[in-house]
Amino acid sequence: MAYQKGEGKSVVIALGGNALGNTPQEQLELVKNTAEHIVDMVAEGINVVVSHGNGPQVGMINNAFDYASTHDGKTPAMPFPECGAMSQGYIGYQLSQAILNEMKRRGIMRSTACVVTQTVVYPEDPAFQNPTKPVGAFLTEEEAMKRAEETGYTYKEDAGRGWRQVVASPKPQRIVEFDAIKDLMDDGYIVISTGGGGVPVIEKDDSYHGVPAVIDKDRSSAKLAADFRADMLVILTAVEKVCINFNTPEQKELDSMTVAEAEKYIEEGQFAPGSMLPKVEACIEFVQQHPEGRALITSLECAADGLKGKTGTVITA
């Protein structure tokens, strides 16, 4: 059926790890709270696309298949791109269900659509020359070398605990399903897409091929939001505002930053790698590609107020 599109802003929301759990059961409970905050925005006419991380989940799936393949002799090893797609599927299912249930509870006649998403990366991306992200089960050196020979994947010793597959983190270039996401959004659906940054694929011989990699979900969300010309990119994390001089007596919360100010703070080393730094970098990329848009970093609980300009840290061109 056709749904009525909201009259408010178009917003891409990137859910951080605090919005999801480490097991399917834990996640099912946590996404109910997440859904309440998302539906708060929907109720105010905001048109929402939801993206999410998948780090713990894709690792869990990869580990389970690796363990079963190694120990029972019946289960095949599962390629990493397929593990990423599986994580998108079950996280998207739970988010869709929770959002649907909350909208039904409030009498909002809208629906959701979950799109398992592929993200194009360049095969020449320098990240592929230095894969650093450990995934999957711990193996002996002999097992790792055998797997490497069979699959062509890279395995490295991990802090004296064993050998693990390592994958690259290339830069997202294009969301393959972008047109479908936009059409669904225009038809009034709340869309869940680009989970875990999307399954990384390369284009070869006029076709797509999955590659073992992990794309930063905030960067993919920024790419999606820029291509969509969204009014706002919202990156949700554990804190209400971005801080400088974090965890020192001089700690200061930031209400806003321009790109120039954000780049200056990055040069000063104000934002921790693997934590706030990639979120700020994703916001910079968004507003540079779409200067009319604004980016917001805040917590899930503060998202609705952040969209009203009451809290959070806003990044502008």
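**Salt bridges in a predicted model**

Glu44 has a relative accessibility of 47% and counts as partly exposed, a class that lies between buried (under 20% relative accessible area) and exposed (over 50%), computed with a 1.4 Å probe on protein chains only. The model is predicted: local features need pLDDT of at least 70 and side-chain atom pairs count only at pLDDT 80 or more, while totals for chains, interfaces and linings use all residues. Residues are numbered from 1 along each chain as its sequence is written, and side-chain values use heavy atoms, leaving out hydrogens and water.

**Count and network**
- A salt bridge requires a side-chain nitrogen of Lys or Arg within 4 Å of a carboxyl oxygen of Asp or Glu, and the count by this rule is 17.
- One network of salt bridges links Asp40, Glu102, Arg105 and Arg106.

**Lys308 and Glu44**
- The two side chains form a salt bridge with an N to O distance of 3.2 Å.
- Lys308 sits in the loop between α9 (303-307) and β17 (313-316) and Glu44 in the loop between α1 (24-43) and β2 (47-52), so the pair ties together parts that are 264 residues apart in sequence.
- These elements are DSSP runs numbered from the N terminus: helices (H or I) of at least four residues and strands (E) of at least two.
- Lys308 is partly exposed, at 44% relative accessibility.

**Lys241 and Asp255**
- A salt bridge joins these side chains at 2.5 Å, N to O.
- The pair links distant parts of the chain, 14 residues apart: Lys241 is in the loop between β12 (232-237) and β13 (243-244), and Asp255 is in the loop between β14 (252-253) and β15 (256-258).
- Lys241 is buried, with 16% relative accessibility.

**Asp158 and Arg161**
- Their side chains meet in a salt bridge of 3.1 Å, N to O.
- Asp158 is buried at 13% relative accessible area, whereas Arg161 is exposed at 52%.
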